[in-house]
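Reader: I have a structure open on my screen and would like to talk it through with you. Could we take it one feature at a time?

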Amino acid sequence: MSIPSAARSAAMFLLDVSLAQSIVDRAMQILHTNVNVMDERGLIIASGEAARIGTRHEGALLVLAQGRAVEIDEAVASRLHDTRPGINLPLRAEGRVVGVVGLSGAPEAIRQHAELVRMAAETMLEQARLLQVLARDERLREELVLQLIGAAPARPASDEWVREWARRLQVDLAVPRVAVLIDIDAPALAADAVLAEQQRLQRQLATLEPGLLPAPVSLRELAVLLPLPPGEGEASRLRARVEGLRARLGAQAGLRLALGGVFAGAEGLARSWQSARATLRAGRRRQPEADVHCYADLTLAVLLAGLAEGWRADELQRPLQRLAAHDRDGQLRRTLEAWFAHDMKTAPSAAALHVHRNTLDYRLRRIGELTGLDLARLDDCLLLFIGLALATNEA
């Protein structure tokens, strides 16, 4: 398994044009002389004189060859092609020369200024390098998260490589984690606005809890791996933590969080992510006003969702279809739903329906007759219960 693309792209710091021009612009705000910045090939990539950009600088070639500052006076300049008097100094980053900064003018007049410009330029190079490293590590962490949840676009990495990858990023895979899906449910937003919101959420998550591992999975979805300190695997504590996270993310409309299940083993995070996605779908149907959905609250609905298609779904729905043919006002179905909601106990079910116990018994017998099932048998009750659950999932 080769090193990830994000690591390859940032393996070596390079002096780019925009950074070089920033060095020129800042120096020329203070000095009344032209400043040039040359790359590793001696080409001028930024200058106070735009016409010189893209040309080769003879003084820079000398600096690159000798690895030290080179002063050019009038006599030396006359012997070099298109060269003016001045001082050229090497710019170093990561322990190597990455370019050259040059100041035009008599060397004795600008010597002190040249050294200050070089120091300031190398400070800017170091800041840019650090930002590049941070950006690289952020991209690598995102790729690692996608590998762990099984959502990486490339072929899966080996377990050994993932462990090494995580070690280099100082991510402890021994820490138990659970997947949280953040969904930007705002159809009215244009794609660029959704992307901006996603990036804002990533920045905000980094400040809220440094231990979180977020990664964009799609334009509207963020996967977040939430570390679990000892004792935080309980559903109620996890729910409270995710609700607190949602509150701290702000009151943006259309932002939903779905908490997956906690699963052990090598495939645990992938299963946690799959359960988070299924929880979001079930939560939208059953709790449309809520902005936090938890697998622990919707476990049965999530697990039954896999039965919602094909011939099995047809068979599970058949008893309810027979019931519906003789239940025009839906009274018997509501009775069945209340009975299951109260654990098939007569007294609380009758109270919830505001009917006498005898009326409830009559309706349950009628349901059995119409569906052809015996409500005294557990298997038959399960058929009706699962059928109702699937119907609710589809609603």
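Reader: Which class, nonpolar, polar or charged, has how many residues in the lining of the largest cavity?

Author: Happy to start there, with the reminder that this is a predicted model. Among the residues lining the largest cavity are N36, R52, H57, N88 and S104. Elements giving two or more residues to this lining are β4 (86-93) and β5 (96-104). By class, the lining divides into 3 nonpolar, 2 charged and 6 polar residues.

Reader: What volume does the largest cavity have?

Author: The structure holds 1 cavity of 30 Å³ or more. The volume of the largest cavity is about 70 Å³.

Reader: Let's move to the second largest pocket. Which element gives the most to its lining?

Author: This pocket holds about 520 Å³ of space. The elements that give two or more residues to its lining are α7 (191-208), β7 (213-218) and α5 (107-148). With 6 residues, the one that gives the most is α5.

Reader: Which residues lie nearest the centre of that pocket?

Author: The lining as a whole divides into 9 nonpolar, 4 polar and 8 charged residues. There are 21 lining residues, and those nearest the centre are E138, R141, A206, L212 and P214.

Reader: How many nonpolar residues are in the contact of α5 with α6?

Author: On the α5 side, the contact is made by L140, E143, L144, Q147 and L148, and α6 supplies V162, W165 and A166. Sorted by class, there is 1 charged residue and 1 polar, while the nonpolar ones number 6.

Reader: One last thing, about charges. How far apart are the closest N and O atoms of E164 and R167?

Author: Side chains of opposite charge can pair when their charged atoms come close. Here E164 and R167 both lie in helix α6 (residues 159-168), 3 residues apart, which is about one turn of the helix. A search of the whole structure finds 23 salt bridges. E164 forms a salt bridge with R167, and their closest N and O atoms are apart by 2.6 Å.

Methods: Residues numbered from 1 in each chain as written. Predicted model: local features only at pLDDT ≥ 70, side-chain atom pairs only at ≥ 80, totals over all residues. Heavy atoms only, no water. 1 Å grid on protein atoms, 1.4 Å probe; cavity = no way out; pocket = protein on both sides within 12 Å on 5 of 7 lines; lining within 4 Å. Points joined across faces, edges and corners; volume = space filled by probe spheres on them. Helix = DSSP H or I, 4+ residues; strand = E, 2+ residues; numbered from the N terminus. Nonpolar A, V, L, I, M, F, W, Y, C, P; charged D, E, K, R; others polar. Salt bridge = Lys/Arg side-chain N within 4 Å of Asp/Glu carboxyl O. Contact = heavy atoms within 4.5 Å.
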